[in-house]
Amino acid sequence: MNNVKAIILAGGKGTRMKSELPKVLHKVYDRCIIDYVYDSCKQAGIDDISIVVGHKYEKVIEHFGKENAKFFIQEEQLGTGHAVMQVKDNIKENDLVIVINGDMPLISSFTIKSFVSFLQLGNFDGALASAVFDKTPSYGRIVRDNEGNFSKIVEQKDCNEDELEIEEVNIGLYSFKGKHLLDSFSKLNNNNAQKEYYITDIPYYIMNDGGKVGVYMLQDSDETQGINSRSDLSVVTNTLLHNTREIHMDNGVTLIDPSNTYISLDVEIGKDTIIYPGTNIQGRTKIGEGCIIGPNSTIVCSEIGNYVIVETSKIAYSKIADNAIIGPFAHIRPKSNIGEFSKVGSFVETKNVNIGTNTKVPHLSYIGDSDVGNNVEIACGVITSNMNTKWEKNRTIIKDNAFIGCNSVLIAPITIEEFGAIGAGSTISKDVPSKALALTRSELKIKENYYEGRK
Ligand code: UD1
Ligand code: MG
């Protein structure tokens, strides 16, 4: 959207959260409150995004990275009107400016776009969005005149008894023509119950100056829920998770117990996949068709192919190819690529590995910093010893069709060539040629009638 700029207000102390963390960095499931608001602005097509930061601003800037937005520091938190004034150098008279509370994560890009069109089509000089909730929250009330036209917003703490009865509330989404917004700054004052400069006074000033102000009433109040307390955070999180579950079920995914299944907004899941309870799927994770996931599994930012089984396991930042079996109780750590028809079974940990097709690591092993080929059999209790005493990591290479016997330690850097075999209980520190057997097992001694001698 050309000439449209967004300002996200994120400088407040968030006192009601009772937290060391700035409010907007609290998480709604797996992402920070402000991430959702920022993404909705971006998805609405707005590229010029300013974020007003104040309380513990270093943390908010660090979270985003300086290059991803323009940051304006509000040194003292003197209110939402004061916050928006910090951005004045980035506002031109011909701009169309959206201002949005940074604590309203469920607002959609669709709503933002529609709201911009509302201002443009109605040729308003300023506009605000309102909603009616089942139970009126402690938000600013929209006061209208006898003909139903907008008069002003009154904060709950400044309301008289009649105003408290008003059900239509201000949700914290505004748009202004740049000139009118800039003109209003000189008029803002803090003569109110909270001794703050309120953004909510700006529409009133615009109207008083002969400008045209519109109110855009939203039908879906869920989207507009702001987060001021831990209780609000839980309500919003539940709404988001509920909506996401519905999307997946509509797409043909079975959730055995939806309320006990947690899926991030960014996740894609193919049809006929079944998800058992206690499962968390987070970040930009993609899961294919016909998979069985869970129970009690966590998958973070990973790519899972089709017909994969993941039972009671954790997978992070990894790729699992079609028809692989993970778990029960496997820990797939970052940069693990597990090939088709392969198995990483019980109590196996992998990290930074490439495992080929049809390779089995069924139980009790640690495979790290390794390249394992196809049709490899890694028996129980195998350790790739990847780190030396200088804390340097080295790779273990196990080529196709090799066999690694139980309880073996492979000391990297090391290569086991094709069809190489390692005898059980060996510690291997040299490369093993193709088709050879390597073993370090010491000679077995049996002393007959030893018990008798002990007596
Ligand atoms: C605000 C509105 C209220 C509306 C409600 C909707 C005002 C005065 N009131 O109240 O009418 O119904 O949102 O949720 O705006 N912030 C700053 N600097 C400050 C103060 C706040 O950047 O000095 C930021 C906060 O970080 C937050 C946003 O502005 O993201 C809103 O502030 P908050 O204190 O949550 O306002 P509400 O009391 O919710
Ligand atoms: Mg708020």
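User: What coordinates the magnesium ion (ligand 2)?
Analyst: D103 (OD) and N228 (OD1), at 2.1 to 2.3 Å. Donors are N, O and S atoms within 2.8 Å of the metal (3.2 Å for Na, K and Ca); water is not among the atoms, so sites may look incomplete. This is a predicted model, where local features need pLDDT of at least 70, side-chain atom pairs count only at pLDDT 80 or more, and totals for chains, interfaces and linings use all residues. Residues are numbered from 1 along each chain as its sequence is written, chains are lettered from A and ligands numbered from 1 in the order written, and side-chain values use heavy atoms, without hydrogens and water.

User: Is D103 buried or exposed?
Analyst: Buried, at 10% relative accessible area. N228 is buried too, at 15%. Buried means under 20%, exposed over 50%, partly exposed in between (1.4 Å probe, protein chains only).

User: Switching topic. How many salt bridges are there?
Analyst: The structure holds 17. Each is a side-chain nitrogen of Lys or Arg within 4 Å of a carboxyl oxygen of Asp or Glu.

User: What does K271 pair with?
Analyst: E289, with the closest N and O atoms 3.4 Å apart. K271 is partly exposed at 44%, and E289 is partly exposed at 32%.

User: And which residue bridges to K399?
Analyst: E417, at 3.1 Å between the closest N and O atoms. K399 is partly exposed at 32%. E417 is partly exposed as well, at 27%.

User: Which residues join into one network?
Analyst: R31, D39, D266 and R284, through salt bridges that share partners. In the R284 to D266 bridge, the closest N and O atoms are 3.9 Å apart. R284 is exposed, at 63%.
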